[in-house]
Amino acid sequence: MSDNASVSIDPRTFRDVLGHVPTGVAVVTSIDSDGRPVGMAVGSFTSVSLNPPLVAFLPDKGSTTFPKIRAAGRFCVNVLSSSQEATCRAFAVRGGDKFASAPWQPAPSGSPILDGVVAWIDCDLDEVHEAGDHFIVVGRVTSLAIDNPVTPLVFFQGGYGTFAMNSLVMGVLDGWSEQILMADKARGPIEQLARETGMLVRAYGVHGDDLVVVASASPQPDVTPSGVGLRLPFVPPFGRGFLAWSDDAVFDEWCSRSPHPLTEEQRRAIRKDLETERSRGWVATKRSDGFGEIWSLAEHIGAVGQTPALARQIASLVRELDLAEPEGVDVLDGRTVQGFSAPVFDADGKAALVLSISGIPAGVTSSDLVIVLDELRATTRTIASVLQV
């Protein structure tokens, strides 16, 4: 027997120290012998094995719900989203009708899948092991799916919340203070542009290999701006608004990060586009080049939060974008253009930010597009004058 077997650990200290380990939160559900739904909140769900597919959770031996789940011989694990704290609290208490405010649909086993959960894992109860004052319940997975790919609910230090990954969120990046300050100074003009045009406006900055949304404004005052903090890969052809006003070294570095090697012909085509964009002073975004799908995904991220899976989807879409503007396309044709972007120059004449406007209705007239473009460029000049003070 270990010499430490007699060491006494204070339960409160044990709880405090282990409380520094963040855990996901789930609700384990089943149908009892009377055909009624039962469920309990757990913070101890984990994967166990890939082959065979096994998962586990650790209920307290004093639980009044687990015996019903054990008798049923099957259960469904509901991974809660960051907006389901109230659901978690409802299933964490004893007694009462826990499903009164928790709509659900049956899993293949019949166990409840709660509405709005991130994912669910349907299981047959495989084994139950005793472990101190808890059980270790192992389930054999029979079916599973992702229903709502958003950020999950997390329990940490006695409180509920969610997470923000350093690789995904602007606010925690080193060296971002200057860009955040610029975005704050630009907020007023950006919001005014959104109201005047009735379109979504975003400001972008560059941080290393990423293009980051530093500010956003919706035309509806009661709608929260979406996408702030969104990071996109700064790779061809993404970020042309910056490249058109950058030197050859920046262009070469940008091309080297392409997800697919660029031929010399492609490089020449991109350079030609950039020269055209530099002479115009703005960049057009076409409806058919894949940007629309990217921004639809960005809107979803703005509503539900950014996750690694959604970030990977955006990166995959970027890799499929057209590399050059096709010949003969009228960049002021409402049937083909869905947005514009233009640079905001700093005191050194470099593109400090790029301002974009999107959501142009299909079929608008060329004269209407000119008005939108003029308002965009006037706003970039206004912001530049503020930044250069």
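**Exercises on a helix pair and a sheet**

Helix α6 (residues 248-256) and helix α7 (residues 264-280) pack at an angle of about 130°, their axes lying 12 Å apart. This is a predicted model, in which local features need pLDDT of at least 70 and side-chain atom pairs count only at pLDDT 80 or more, while totals for chains, interfaces and linings use all residues. Residues are numbered from 1 along each chain as its sequence is written, and side-chain values use heavy atoms, leaving out hydrogens and water.

**Exercise 1.** Classify the orientation of α6 and α7 and describe their contact.

*Solution.* Axes are lines fitted to C-alpha atoms, for helices over the stretch in contact, and angles run from 0 to 180 degrees between N-to-C directions. Angles under 35 degrees count as roughly parallel, over 145 as roughly antiparallel, 65 to 115 as roughly perpendicular and the rest as oblique. α6 and α7 are therefore oblique to each other.

Next, the contact (heavy atoms within 4.5 Å): Asp 248, Phe 251, Asp 252, Trp 254 and Cys 255 of α6 meet Arg 267, Ile 270, Arg 271 and Leu 274 of α7. By class, this contact of α6 with α7 comprises 5 nonpolar, no polar and 4 charged residues.

**Exercise 2.** Determine the strand order and the edges of the open sheet of 3 strands.

*Solution.* Strands are DSSP runs (E, at least two residues), numbered from the N terminus, and two strands pair if DSSP finds at least two bridges between them. The order is β1-β11-β12, with antiparallel pairing. The edge strands β1 (23-24) and β12 (159-161) each pair on one side only. Finally, 3 bridges join β11 (residues 154-156) to β12, and Phe 155 has Tyr 160 in β12 as its bridge partner.

Key
Helices (H or I, at least four residues) and strands (E, at least two) are DSSP runs, numbered from the N terminus. Ala, Val, Leu, Ile, Met, Phe, Trp, Tyr, Cys and Pro count as nonpolar, Asp, Glu, Lys and Arg as charged, and the others, Gly among them, as polar.
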